Structure formats: C-alpha cells, structure tokens
Amino acid sequence: MIRVENVTKVYDGGAVALRDVTVEIPKGQFVFLVGASGSGKSTLIRLVLREEEVTRGRIWVAGKDITKLPNWRIPDLRRSVGTVFQDFKLLPNKTVAENVAFALEVLGHPRAVVRSQVSQVIDLVGLSGKEDRYPRQLSGGEQQRVSVARAFVNRPPILLADEPTGNLDPKTSVGIMRLLDRINRTGTTVLMATHDHAIVDAMRRRVVALDGGRVSQDILVGRYEDTMAQPKADLSTEEVAPERGSDPFDEPAAEAEEAAVESGDDGK
Amino acid sequence: MSRIGYLLRDAFQNMRRNVLVVAGAILAIFISLALAFGALVLNEVVRVNTLLWQEGEHVVVFLKDIDDGISDADHRSLMGEIQGWEEVSSVRYVDKAEAWEEFQTIFADSPSLLDISDQSIVPASLRIRLSEIERYRDIEFRLDGQPAVRKIVSPGEVIERLSDLNSVLNRLAVGLAVVQGSAAVVLIANTIRLAIYARREEVAVMRLVGASNWFIRIPFLLEGMIEGLVGAVLAVLAVYVGQRSMSSIDINIVQLNLPEGFFLRWSVVFVLFGAGAGLMGSALGLRRYLRA
C-alpha cells in the first residue's frame, strides 16, 4: 500500500533527514514508526503526504508513484490518506459535527451524504451525543477522537498518525489506540509515528525504527525495547496480516496502564 | 449547485469576519470608480455643450447696406461666393426685415429701446455654418477684405477653448481611472491576504483533507469580486445622484442633460470593470500564498 524505495531527503540548508530509506507496508498492516526526536519519523510522514518532496528515491502510495505527481493531483493523494496529528488541528469555531463535516464539504459532497457519513463516524469514535460541542468543551482524548473521525470520514485506505497520543495521558492514549486498532480492522492501512513505549509494547504490531535517518530495525511483531537490541530483519516484502479478533488492551488493560506509567512521559 | 452555494456562503462568511477591512476595500473601489465615472460624465457634458455650439451658426457676417453704397445684389453675390467655399456647409441670408424681427424678440423686455429704434439700425447679415469648426479663422481672413462686410462675429474662440478643455478632461479621466484603479486592485489584494491569514487554520485543514486548489481559492476570488462589484455599484449610484441634482439646476447657457443611454451604457461598463478589478486584486493576493 505504501512503498518507500531508497528515499533520501535533504532539506534546504543541508540537514539530512532521511538516508536511503526503504520500507514496504502491505495493505491492511498496522505499522509503528519509532525513533528519537529528529530521527526522521515526521519527515517520512510528510513525504508520504507530499507536503515535502523527496531528494532521491521513489514513494508509491496505493500503486501510484507520488514523487512524480503533478501539483494539481496532490489533493487526490490526500483524499486517499487520512491524517491525525499530535495537536489535533481542529477548527475552534466549529462544533464536533461541523469539524468532521468540513472534511467532506470541502471535497464537494452533497449535504445529505455528509450528514449520514458524519453521524456514522462520530458514532464509530464514541462521541455520539457530543456532536454540538465545541473543541474547547472537550477533553484532549475527545478532541483527538474528533480528529480521527475527520481523518476517517471519507474512508481512506490509508491512515497516517503522527504521534497521535503525544499530548494525551496514558489512559486516554489507550482509548485512542483501541480506536485506531478498530479502524485498522476495517482493512485500513495504518502508519503511526510514536515514541510511546507502552503502546508499542501492548499492540504487538510491526515496528520500524529510524535512527539518524536510517532504518535501524524492522520487526514484524515488536516491542519497543527490541528496536534497541535486535539486528535488522528485512520484512518489507512479506504479507503480514494483523491478529484479528483480539483487542490488545482488552484483558491487560490495567497492565498496559501500569506499563505506560512506568515508562513515564519522557517520550523517548 | 450545492457546491456553488457552499462557495458563496463561504465567501460571505469571510467578509462578515473582516467587516472593517472589507469596508475599506469597497470604499477604495467606490472612490476610484466614482472619480473616474464623475470625470467621464463631466467630460461628456463638456462634449455635448461643445457640439451644441458647433451645431449653431458659427460665423455671423454683418453687411454694409445701401447707405454705404452696397446693394442687395452685392449681398447675394457675396453669399454665392461663400457658398462655394469648401469649409462652409451652409449660408443663410438674414435681411433687414428679418433682423428687425429678431431684434424685437431679443429686446421685447425693453420697450423704450424699441421705441427709439427702427429697422434702419439693424444690418442684414449672413449666417454661416462650417463643416469644420476649426477653420473659422480662414473664413474670417478671407471675409475681412470684402467690400460688403461691415463686421465679422465668431464664437470660434470659445469653441476652441471648449475643445481644449474637453481633451484635458479626457486625459485627466483616463489618468485618474488608471491610478485609482490600480490602488484599488492593490487594496483588494491586501484584503484577500488578510482574509487568507484569518483563515489559515481552515485552509491548512482543507489542504490536509485533499480539497482541490480551486475549491480553496474560489471563495477568496468571489470575495474580491463581490467587493469590486459593490464598490462599483455604489460609485454608479453616487454619480447618478450627483448628475441628477446638477441637471435639475437651471442654467440656460450650459446643457447638463446627458444623451439617452449614455449613463446606462457606462454604468454597465463600470460595474463590470469593478468586478474585474476585484477579481484581479484577489488573484494577486492569492498568487504567492496559495501556490498549487
């Protein structure tokens, strides 16, 4: 679904963010992108969204080489990729429903379609009854749910999340992860940049670690610590199906919470 | 259809958010177009009045009469000669009797003057219309030596001054329109910049979720166009009111009414121009900020 091939990104001014990075993410996979601040996680996400252009290499998204996409085709790319950010990016003067609807309205969907899609997705993220609240009247976790709803409302095949739990406490983070897991189970490919140990450990999904702009680890079912120790295994071409039917936070919810508390909020 | 509605609603919401700035842009368009339109109307008034002068009898030649040894036959032969000149379109002979009637009409309010006058004091005259008004000097020059000519009167100089004034006003109107018009375009460009800035979060989200570039731009373009349109309509109304109140003043010597259709025709032109200037301004404002 996403194929990054020998990608190097050098910013104007000479800062090298990514060096010869190759990652392949099959359809339906859930992938964590981990690494210290400055390791290139956000750059990779920005490249996939074409907010930045590669210096060298190719990126395919949904079968299309987006490094060659003319500027006027970029909106099409962004419609097939939902995005969630650490800072939510909600519009403060719009209600929950209006924020979610906005994403469809600006694509020119008719109002009736917008209304039914919006109420469906608000239901999905568990915010039924809060449609008419404004972002400032919601908790951080609820705001992030709105932003997930907005990212998912037009059912994109890919969801990118750049530290979606970065501003949230561990318990709230678990809720967001459950939500992303649920979205992944609908067949949506999810790529999530994070440095939240507890979440990576609890989810038991593929982990790609970046270090200084290079892929240092690529582990099919990983824990955060593994990315520090084990040698790199090339899994980029394997089809990986996520474990289905089990909620990683179901039984050991309390445990995950503890682990999260232990790991602290240093974000490394 | 719902798309157009959405984009229009969006544009109006934008404008409501920045009422003062929008009012400033509309005012700038209004002032520039009102000045230009006003100059144009004034120019037209001058042109109409010049034409009226020109359509009158341009050169009046008072003739000597029998007391000076000049006969009616001499009058006729001079008239025939003048008729042959190429710059003359027509000549009318006013004999003493007709001139006396004219005199009586003009001085109908002064019976004492009429009491002491009679037909003998008014001379016969030739009334000449020219095909080219500018050549009145040639006519004067050629008539000057004629034995039958007593006196030549010509409003040519006044006409010439009016023509000069007309062309100065013309240039002034064009200059005003250009300077004020570009100022208004720049002002609208700034308004649109501010509107984009005020909505930068919304624009960022729109780009994020994949709104097309035109979908993002059109509300801003509409905003500029509406501002230009409103300013132009106000300018047209202001000039209309001004012109009406001016033409209601009764001044005999100057014709203040405009020809039929003049105002309507130019109103349409100015309103379209206002909308175009608004569109250009917003395109200018969008140019750098929202490159695709």
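I began with strand S7 (residues 158-162) and strand S8 (residues 189-193) of chain A, which pair in the parallel sense over five bridges. Strands here are DSSP runs of E with at least two residues, helices are runs of H or I with at least four, and both are numbered from the N terminus. Two strands count as paired if DSSP finds at least two bridges between them. I looked up A:Ala161 and found its bridge partner in S8(A) to be A:Met192.

I noted the conventions next. The model is predicted, so local features need pLDDT of at least 70 and side-chain atom pairs count only at pLDDT 80 or more, while totals for chains, interfaces and linings use all residues. Residues are numbered from 1 along each chain as its sequence is written, and chains are lettered from A and ligands numbered from 1 in the order in which they are written.

**Sheet, chain A**

I then traced the open sheet, in which six strands follow the order S6-S7-S8-S3-S9-S10 with mixed pairing. Strand S6 (81-85) and strand S10 (214-219) are at the edges with a single partner strand each, so one side of each has no neighbour in the sheet. From one strand to the next the twist averages 15°. Angles run from 0 to 180 degrees between N-to-C directions, and axes are lines fitted to C-alpha atoms, for helices over the stretch in contact.

I checked which helices sit on this sheet. H5(A) packs on it, touching S6 and S7 of chain A, and its direction makes about 165° with that of S6(A). Contact between two residues means that their C-beta atoms, placed from the backbone, lie within 7 Å. Helix H6 (residues 170-185) of chain A lies across strand S3 (30-34), S7 and S8 of chain A, and runs at about 150° to S8(A).

**Helix pair, chain A**

I took helix H3 (residues 96-105) and helix H5 (residues 140-152) of chain A, which pack at an angle of about 25° with axes 8 Å apart. H3(A) and H5(A) are therefore roughly parallel, the term for angles under 35 degrees. The contact uses A:Val96, A:Asn99, A:Val100 and A:Ala103 of H3(A), and A:Val146, A:Ala149 and A:Arg150 of H5(A). By class I have five nonpolar, one polar and one charged residues there. Nonpolar covers Ala, Val, Leu, Ile, Met, Phe, Trp, Tyr, Cys and Pro; charged covers Asp, Glu, Lys and Arg; the others, Gly among them, are polar.

**Chain B against chain A**

I found 15 residues of chain B in contact with 17 residues of chain A. On the chain B side, helix H1 (2-17), helix H8 (200-208) and helix H9 (213-247) each supply at least two residues. H8(B) gives the most, with five residues. That side divides into eight nonpolar, four polar and three charged residues.

**Single residues, chain A**

I looked for positive phi. Most residues other than glycine have a negative phi. A:Ala62, not a glycine, has a positive phi of about 50° and lies in the loop between strand S4 (56-61) and S5 of chain A. A:Ala62 is partly exposed, with 17 other C-beta atoms within 10 Å; the class lies between buried (20 or more) and exposed (12 or fewer), with C-beta atoms placed from the backbone.

A:Arg204 has a positive phi near 55° and lies in the loop between helix H7 (197-203) and strand S9 (206-211) of chain A.

Notes: Parallel < 35°, antiparallel > 145°, perpendicular 65-115°, else oblique.
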